[in-house]
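Welcome, and please take a moment to turn the model around before reading on.

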Amino acid sequence: MDFRLKVFYTVALRLNFTKAATELYITQPAVSKHIQELEEAYKTKLFERNGSKIALTPAGKILLKYTKSIFDIYREIDFEMSSFNAERQGLLRLGASTTISQYIISPVLASFHQKQKDIKVNLLNGNTEQIENALINKEIEIGIVEGQSKNQSIKYIPFLKDELVLVCSSKNPLVQQNEISITDLKSMKFITRERGSGTLEVIEFALKKANLKLADLQIEMQLGSTESIKSYLLNSECFAFMSIHAVSKELKNKELIVLDVEQLAIERYFYIITLQGKSDSLSELFIQNLASHYNLKL
């Protein structure tokens, strides 16, 4: 493998020479030298430099596209050739949306590592939209997400059923009510995830079926992580719709409590996502391990 291409690929993803140098364990002048050699070899600029910021030139974007394909092939070669040895080897790049990476995927990764100690796994965390974009840009091979945006270039495989429940602090005065009506929701204050979150997308869809818009709710704040929402709930009289997987510990400890909403059930699936028509042995091995861990037939 041409190390200069690896340097270029890292700089192109980070758009920062210093970060690329740190990631590759080389000096910044060495990064600049490798990029300069590539630019001389191709007789064209690969990056536009504007003060401290850099951006890919049209030529750089074309080289990045082919570099990604080359590295995909190298990954598959390494994994397939390692099958002739006792231990499988390779690098698997995963992406998982917030709820899944925090509460679902860790036991699976531990189980996978016990069986395949020489396979390295990189896990990218983000919301559903970010994970789908990373897959499309070939920055990861597999994603596990909370929403299903129906992107035509992505294959969605239903993975695990989830339920979104209305929760609040156990000290909230409304916990005395046996059941909350749809109309009651309009007078309650809510904390939600940010736009692009699969959880928020599912909540909006369920409310729409109950003739309620997200805009009808009093949104006190939008927060970027499940943990920050839980912390906010524990210190306020606000409410949130959250995955039952995400609040199991707090429910057990009686810090948070679930409120039933009349005629509203919010269920969804988590999805394994891969690119349409794109499959490799290492990804398939991980998906099989995932299915086995949860006793699923995928």
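## Overall fold

The secondary structure of this protein chain consists of 11 helices and 11 strands. Please keep in mind as you look that the model is predicted. Taken along the principal axes, the box filled by the C-alpha atoms is roughly 70 × 50 × 35 Å.

The chain has 298 residues, and 45% of them count as buried. If you follow the contacts between residues at least 6 apart in sequence, you will find that 75% of them join residues at least 24 apart.

## Surface and charge

How much accessible surface does the protein chain have? The value comes to about 16100 Å², and carbon and sulfur atoms account for 50% of that surface.

On the charge side, the protein chain carries 37 positive and 35 negative charges.

## Aromatic pairs

Now for the rings: the structure holds seven aromatic pairs. One of them joins Phe112 and Phe286, whose ring centres are 5.1 Å apart; the planes meet at 80°, and because an angle over 60 degrees counts as edge-to-face, that is how this pair is classed. Phe112 belongs to helix 6 (residues 105-115) and Phe286 to helix 11 (residues 281-293), so their pairing ties together parts of the chain that are 174 residues apart in sequence. Phe112 and Phe286 are both buried.

Another pair to visit is Phe190 with Phe239. Here the ring centres are 6.3 Å apart and the planes stand at 50°, so this pair is tilted. It also links distant parts of the chain, with Phe190 in strand 7 (residues 189-193) and Phe239 in strand 9 (residues 239-243), 49 residues apart. Are Phe190 and Phe239 buried or exposed? Both Phe190 and Phe239 are buried.

There is a cluster to look at too: Phe8, Phe17 and Phe47 come together as one aromatic cluster.

## Helix 9

Which residues of helix 9 (residues 226-234) are buried? They are Thr226, Ile229, Lys230 and Leu233.

Conventions. Residues are numbered from 1 along each chain as its sequence is written. This is a predicted model: local features need pLDDT of at least 70, side-chain atom pairs count only at pLDDT 80 or more; totals for chains, interfaces and linings use all residues. Side-chain values use heavy atoms; hydrogens and water are left out. Helices (H or I, at least four residues) and strands (E, at least two) are DSSP runs, numbered from the N terminus. Buried means under 20% relative accessible area, exposed over 50%, partly exposed in between (1.4 Å probe, protein chains only). Contact means heavy atoms within 4.5 Å. Accessible areas come from the Shrake-Rupley method with a 1.4 Å probe; for residues, only the protein chains shown count as cover. Lys and Arg count as positive and Asp and Glu as negative; His and the chain ends are not counted. The place of a charge is taken as NZ of Lys, CZ of Arg, CG of Asp or CD of Glu. Rings of Phe, Tyr and Trp (its six-membered ring) pair if their centres lie within 6.5 Å; planes under 30 degrees apart count as stacked, over 60 as edge-to-face and the rest as tilted.
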